[in-house]
Amino acid sequence: MVKDWTRTGLKESAKTALRANYWACVLAGLIFIVITGAGSAASAGSVSDQDPIHFAVYTKTVIALLSASCLFAVLVSNPLLCGAALFFTRNASEHAKLKLLIYPFSQDYINTLKVMLIMDLKIILWSLLLIVPGIIKAYEYRMVPYLLGENPGMSANEAFTLSSEMMSENKWNAFVLDLSFILWNMLSGITFGLAGVFYVFPYICQTNANLYISLKGSSDPDDGYIDGLILTSDIEDAAYEIIE
């Protein structure tokens, strides 16, 4: 698949979409940050304590927290990631509503869990070989949450195959796109996350959604997958019917 997008084009379109629906985008990003952040466990205390009883308690606590964090990621964070992908994809064309964030929880939820879990395991296993193969796989499967957001019933094989095709000649350019946000991320850091919440995170999410839309639009309609995708103009109505 030949690249027919530019970083400038994606970012300018993202800025326009953010201005048109700013507070909804900020709230969508904030909800995602708060909920997914709640699933990450921060361990406290010192492992240098030589008391074996204390060390055993500490170890069990860390294991329990990590297990709970992993379970939370599988059951909540991954579907929410697909919901956020759907929200920002929809927001590229018109004002998206926050209800789209929970669409994956009400439509083919189990399939979304399964596909996202398989994706995570694939990336982890490739990362165990070397860091670089894991990064490459992460970029290869970058479009999976967006595909599942619009098509929650899509099989794992279809999602991985289509994402691989969409990213086949775009992994390096997508990597450079990510690097272009370094200064924005630094700004978020020095403002203690305020810039991230009120601009940087929604900006990055919208830019990535625009990338998905661009790649989907440039896909070969004869590949057997694109024709089966649900149009974003229909997905919101379907989501609202289910949720309401």
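This is a predicted model: local features need pLDDT of at least 70, side-chain atom pairs count only at pLDDT 80 or more; totals for chains, interfaces and linings use all residues.
1. Residues are numbered from 1 along each chain as its sequence is written, and side-chain values use heavy atoms, with hydrogens and water left out.

2. The secondary structure of the chain consists of 12 helices and zero strands, assigned as DSSP runs (helices are H or I with at least four residues, strands are E with at least two) and numbered from the N terminus.

3. Of the 244 residues, 41% count as buried, a term for under 20% relative accessible area, with exposed meaning over 50% and partly exposed the range in between (1.4 Å probe, protein chains only).

4. Helix H6 (residues 131–140) and helix H9 (residues 171–179) have axes that come within 10 Å and cross at roughly 95°, the axes being lines fitted to C-alpha atoms over the stretch in contact, with angles from 0 to 180 degrees between N-to-C directions. The two helices H6 and H9 are therefore roughly perpendicular to each other, since angles of 65 to 115 degrees count as such, while those under 35 are roughly parallel, those over 145 roughly antiparallel and the rest oblique.

5. Where these helices meet, Ile136, Tyr139 and Glu140 in H6 touch Lys171, Ala174, Phe175 and Asp178 in H9.

6. Lys137 also lies in helix H6 and is buried, with a relative accessible area of 14%. Leaving aside residues up to four places away in sequence, Lys137 touches Ile123 and Trp126.

How values were computed:
Contact means heavy atoms within 4.5 Å.
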